[in-house]
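Here is my note on the model, point by point. Please read it with the coordinates open.

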Amino acid sequence: MPLQGVPEMSLVPLPRLIVEPLVRAALLEDLGLAGDITSASVIPCHHRSTVVMAARQPGVIAGLDAAELAFALVDSEIAMRRHLQDGDAVKPGDVIATIEGPSRGLLSAERTALNFLGHLSGIATVTAEIAAAIRGTRASVACTRKTTPGLRALEKYAVRAGGGMNHRFALYDAVLIKDNHVAIAGGVAEAIRRARAGVGHMVKIEVEVDTLDQLREAMETGVDAVLLDNMTPDQLREAVAIVAGRAITEASGRVTPSTAAAIAASGVDLISVGWLTHSAPVLDIGLDFVEAAAATEVSPKRIAQVL
């Protein structure tokens, strides 16, 4: 199936308050105490350029706000005009944005902007691949907490841009009882009872189970969701029948674009995939200079021809 993300109108952007500190930190890491000494020594301070960001492989775009902020924070005179939006599918040669401004600033911000855009677009792309594989079923693809330290908000946003859903954001917003919790508590039912007594009425409780017997114990005690870990499609079908709509069912383990369809066909509600955020390959996106003669009146279609 062709890749597709989510329509722009249904993708809620992250507040600048969240994105800007992450972009600032990345720029400070790159510029250090002396700034871009290569661009400062090679390029005249008054020189201006027009560049385009273009896709070099198929995928789904995410991270344009971070990329635009990278340019704006380096030089407020840099202006970026988007031709595509987060959630849009791209093919090689598609122009994502045109950027114009002082050449020094463009080059100083280039790597930070592309790092964010390529990384987040890579996450959106692999999410869209899983979403395409399970299209037509009741299942949705979800991410996990296996994220890059400090970048979780952006990476979970990229999952949404690729057509996926977010699991809990952190340890504070939902209870997920895993095998170690169960072992320490002395069983599934006891762990659930302790969790129910220890959190407020607004907090959802999910328990991870490895066997159908554990699942039955969880359902007898009562939970909001069950994480069915490393079960075969046949076991998942039986698990869905045991739950019978009394809780959200989530499958996890050994999920790939080739196995996702069989997992989804079992009738589960969610398929959680850790590697969406911890191992997604970067989407190859390049920054290319437009010839000076064409830089002032260049259309997206003409830019594609130049590239």
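1. E77 and R48 form a salt bridge, with the closest N and O atoms 2.9 Å apart. The term means a side-chain nitrogen of Lys or Arg within 4 Å of a carboxyl oxygen of Asp or Glu. This pair links distant parts of the chain: E77 lies in the loop between helix 3 and strand 3, R48 in strand 1 (residues 48-55), 29 residues apart. Helices (H or I, at least four residues) and strands (E, at least two) are DSSP runs, numbered from the N terminus.

2. This is a predicted model: local features need pLDDT of at least 70, side-chain atom pairs count only at pLDDT 80 or more, and totals for chains, interfaces and linings use all residues. Residues are numbered from 1 along each chain as its sequence is written, and side-chain values use heavy atoms, with hydrogens and water left out.

3. R48 also meets E100 in a salt bridge (3.1 Å, N to O). Here strand 1 is linked to strand 5 (residues 95-102), with R48 and E100 52 residues apart. How accessible are these side chains' residues? E77 is partly exposed at 48% relative accessible area, R48 partly exposed at 41%, and E100 partly exposed at 29%. The classes are buried under 20%, exposed over 50%, and partly exposed in between (1.4 Å probe, protein chains only).

4. D269 pairs with R138 in a salt bridge, closest N and O atoms 2.8 Å apart. D269 is in the loop between helix 10 (260-264) and strand 11 (270-272). R138 is in the loop between helix 4 (103-133) and strand 6 (140-142), 131 residues away. D269 is buried at 18%, whereas R138 is exposed at 58%. The whole structure has 15 salt bridges.

5. Shared partners join R16, E20 and R24 into one salt-bridge network. E20 sits in helix 1 (residues 16-31) and is buried at 16%. Leaving aside neighbours within four places in sequence, E20 is in contact (heavy atoms within 4.5 Å) with L69 and L73.

6. I78 belongs to the loop between helix 3 (64-74) and strand 3 (79-82). I78 is buried, at 8% relative accessibility. Not counting residues up to four places away in sequence, I78 touches F71, I99, E100, G101, P102, G105 and L106.

7. How many disulfides are there? The count is 0, taking a disulfide as a pair of cysteine sulfur atoms within 2.5 Å. C45 is exposed at 58%; C143 is buried at 0%.
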